[in-house]
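The following note is intended for a colleague who is meeting this structure for the first time. Please read the numbered points alongside the sequence and the coordinates.

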Amino acid sequence: MSNVRFKGIIPAMITPLTKDYKVNMQAVKQLLDYNYGEGADGFYICGTTGEGPVLTVADRMKTAEKVMEYNAGRGVIINHVAAAGVKDAFTLARHAREIGCDAVSSVVPNFYFKHSEDEIVEYYKALSDAAGIPVITYAQGLLGDTDVVSLMEKLMKIDNVIGVKFTLFNFYDMHRIKELCGGDINVINGPDEMLVCGLMMGADAGIGSTYNVMCREYRRLFDAFSAGDFETARKQQFKVNKIIEVIIRHGVIRTIKYMLSYVGIDAGDMSFPAATLSQDEKRTIRRELENLDYFNELKR
Ligand code: MN9
């Protein structure tokens, strides 16, 4: 079977929270329904965007279970399981298999200590053993100065490891990774603001935070690219980037959560101790989005 299992547009699901920071399952369901309606191919859950590493293991399991139930086979579910304690990550990985997730994913260990290339390889071996389902590794800032191409070459030798979510900004490296295993490697673009670059350099799919609120636009981008219509793909990228600028300026997760209220989804605030958006900030965001003509389009 090909390693390239995941293609298309996969929102990195934000995790809706109630006022007392419990996961709001009703809003999880709404979020899935909404994004499938906008053309999503599946979801990446409990990642950075989903605040996974700051939720309790119990909350992560419950969220994953509910996602699997509501998803009802409509798309793929990749469950990010990294935790500060590796035992928790392995527990979450086993659980992901039990509930039928399509894959697990994990940033490199650890959130506090820098590990050598060999140690990172050992981690993914143990994770793959625990998971027993496909594993998407993760190239991002925690890698520090580790050579990502040589690391990926080693990781791809591990059973179950099928690819990488690439959230670095060196697309030359991305392409060198895509050339590994004769191209039989699932490379997934991380930076939403450069999805078109990632696709051009060989990415098979995109996983992104801002897809939660602009899935339809990314769908168009991806479909245009797949049809060889690079000019339309580029225009779509420039269109979403105007919104991304607003989102980044006001804080990615909190702004996306706020924007979801436009489509009737109460995603709440970011986990404590992140500050909630003030009424003033909300007004500013709304004004900035209205200036881009996006607000009305989003609401439809
Ligand atoms: O999942 C996200 N990266 C991280 C990918 O969370 C580290 C991106 O979607 C960014 O949030 C986005 C905005 O910079 O590109």
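1. A residue counts as buried when its relative accessible area is under 20%, and as exposed when that area is over 50%. The model discussed here is predicted, and the points below should be read accordingly.

2. Glu51 has a phi near 55°, a positive value in a residue other than glycine. Its place is the loop between strand S2 (42–45) and helix H2 (57–71). With a relative accessible area of 4%, Glu51 falls under the 20% limit and is therefore buried.

3. Ala72 likewise is not a glycine and has a positive phi, of about 45°. This residue is found in the loop between H2 and strand S3 (76–80). Its relative accessible area is 60%, so Ala72 is exposed.

4. Two cis peptide bonds deserve attention. One joins Pro109 and Asn110, with omega at about 5°; Asn110 belongs to the loop between strand S4 (103–105) and helix H4 (117–131). Another joins Phe272 and Pro273, with omega at about 10°. Pro273 sits in the loop between helix H10 (252–260) and helix H11 (279–291).

5. The strands form an open sheet of 8, with parallel pairing and the order S1-S8-S7-S6-S5-S4-S3-S2. At its edges are strand S1 (8–11) and S2, each of which pairs on one side only. From one strand to the next the twist averages 25°.

6. Within this sheet, S4 runs parallel to strand S5 (residues 135–139), and 2 bridges join them. Ser105 is placed opposite Ile136 in S5. As for the helices that pack on the sheet, H2 touches S2 and S3, and its direction makes about 175° with that of S3. H4 also packs on the sheet, where it touches S4, S5 and strand S6 (161–166); the direction of H4 makes about 150° with that of S5.

7. Which residues of H4 and H5 meet? On the H4 side they are Glu117, Asp118, Ile120, Val121 and Tyr124, and on the H5 side Ser150, Leu151, Lys154 and Leu155. By class, this contact has 5 nonpolar, 1 polar and 3 charged residues. The axes of H4 and helix H5 (residues 148–155) come within 10 Å and cross at roughly 35°, and the crossing is right-handed.

Conventions: Residues are numbered from 1 along each chain as its sequence is written. This is a predicted model: local features need pLDDT of at least 70, side-chain atom pairs count only at pLDDT 80 or more; totals for chains, interfaces and linings use all residues. Side-chain values use heavy atoms; hydrogens and water are left out. Helices (H or I, at least four residues) and strands (E, at least two) are DSSP runs, numbered from the N terminus. Buried means under 20% relative accessible area, exposed over 50%, partly exposed in between (1.4 Å probe, protein chains only). Axes are lines fitted to C-alpha atoms, for helices over the stretch in contact, and angles run from 0 to 180 degrees between N-to-C directions. A crossing is left-handed if the near helix is turned anticlockwise from the far one by less than a right angle, and right-handed if clockwise. Contact means heavy atoms within 4.5 Å. Ala, Val, Leu, Ile, Met, Phe, Trp, Tyr, Cys and Pro count as nonpolar, Asp, Glu, Lys and Arg as charged, and the others, Gly among them, as polar. Two strands pair if DSSP finds at least two bridges between them.
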